[in-house]
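The model is shown below.

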Amino acid sequence: MTQYARRTFLRSAAAVVALPTFVSLARRSARASARQPMPLKFVAFYVPCGIHMPAWTPIQVGVDYRSPPILSPLANVKDNLLVLSGFANTPAKPDGPGDHASGTGSFLTCRHVFKTDGATIKNGISVDQIMASQLGRDTRIASLQLGIDGGSGVGGCDSGYSCAYARNISWASETQPLAKAVRPDLVFDRLFTGLEPGVSEQERLRRHAVQKSVLDYVQADAMALTKRLSRADRRKLGEYLDGVRELEKRTQLHYAAPLPKPTFARPASAPSFPEHVRLMLDLILVALESDSTRVATFMLGNAGSGRSYDFIGVSGGHHALSHHQGKEENFEKLTKIDTWEVEQLAYLLERMNTRREDGSRLLDESAVFFSSEIEDGNTHAHHNLPVLLAGQLGGFLPTGCHTRVPDRTPLSRLFLTLQQGVGVAAHRFGDDGHEPLEPSSLGA
């Protein structure tokens, strides 16, 4: 067993499994010292095609707001939310048409992206990467970029805008988007296997071929660790490893690794869209809980997604429906889609809000940012964006209310505030972020 930066690992020559914090180990190693604050975390959750704002925006301002239909799935975590109205990402406005790609490219950078469908892309560093430069110093993975829809970053995707803008929200520099992972099995492997330099691709394939669990490799280390834990922590370890194994089974179920020399080609099955989303959210949860990373981004779809939501009884592509033309039947369909999207956020937040053995909660240590590239799919507006923050970021953020900031307040100022909350001394961000907001101004 190895402890590093308050984390515990189970190790073998072929695998490493990161574990959550155990109270009994922490007490043993630091009985005389005061309890240290838990590491802070940031998650960005992107949904495409805007939101039907009349069914999103609360009428009341303050702590006594009534949740409109789209926000109703968040009832169990309402006290941990900030619903924020009035923010604008003005730099996201495109040069001519192309609001979806331009808005997605600017989603976390608040920079006016250079319009091109060639190699001359130019954006800015995204807020998650600035946070990763601070929060990722003590983690094995500096940041995790996940999503559902893949696709190349080469070529044009929206009215002359590069696919690099339409398919990525995380940017390491002006010219370097960080491609998201969309296959759950490969994300699982990154989190739980192949962490030692000597582990080969052949060994990874052999493990898949014999259907051997990553937990089988670290069984001896797990048994040794169990002897050092309290009864409560032994139960916590068992539940955590059961969860890892269940997640492993689900990823293996949908993506069977191919044999090195298959006798015939047969495509691997893929999970349904809802299961795919839940798998990715579960992987984010286990990555945060094990402190494998403290920064994660998730794209529920690419810019201007045309996905059909037949599984919730909504026919027609999302992008086409978002151009609602003021029709009531389209409003109803968009409300169903948007409510389902928020249900996925609620799934993530409720699990982050579960109390640990020591009484702490992951959500208390985190800030989860939820929004879209535009306000409304018909107007393509980049002001009055649907913005939601969840979590207290270690007590830095107020929660439990709907706040209406002055109209067209730069979103970049909110991102400056979040940077301040994780210890980044920044005074400018994006094209229009010149000073952070006071955290108290976000509360009631």
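Leu 393 sits in the loop between β15 (387–390) and β16 (401–410); strands (E, at least two residues) and helices (H or I, at least four) are DSSP runs numbered from the N terminus. The model is predicted: local features need pLDDT of at least 70 and side-chain atom pairs pLDDT 80 or more, while totals for chains, interfaces and linings use all residues. Residues are numbered from 1 along each chain as its sequence is written, and side-chain values use heavy atoms, without hydrogens and water.

Most residues other than glycine have a negative phi. Two exceptions are listed here.

| Residue | Phi | Relative accessible area |
|---|---|---|
| Leu 393 | near 50° | 2%, buried |
| Gln 325 | about 60° | 59%, exposed |

Buried means under 20% relative accessible area, exposed over 50% and partly exposed in between (1.4 Å probe, protein chains only). Gln 325 belongs to the loop between α11 (318–322) and α12 (328–352).

A nonpolar core is a set of buried Ala, Val, Leu, Ile, Met, Phe, Trp, Tyr and Cys residues joined through side-chain atoms within 4.5 Å. The largest has 69 residues, and Trp 56, Leu 74, Phe 298, Leu 349 and Leu 388 have the most contacts inside it. Helix α10 (residues 273–289) supplies the largest share of this core, eleven residues. Apart from this core lies another of 47 residues, including Leu 40 and Cys 401.

Helix α5 (residues 184–192) packs against α10 at about 10°, with the axes 10 Å apart; axes are lines fitted to C-alpha atoms over the stretch in contact, and angles run from 0 to 180 degrees between N-to-C directions.
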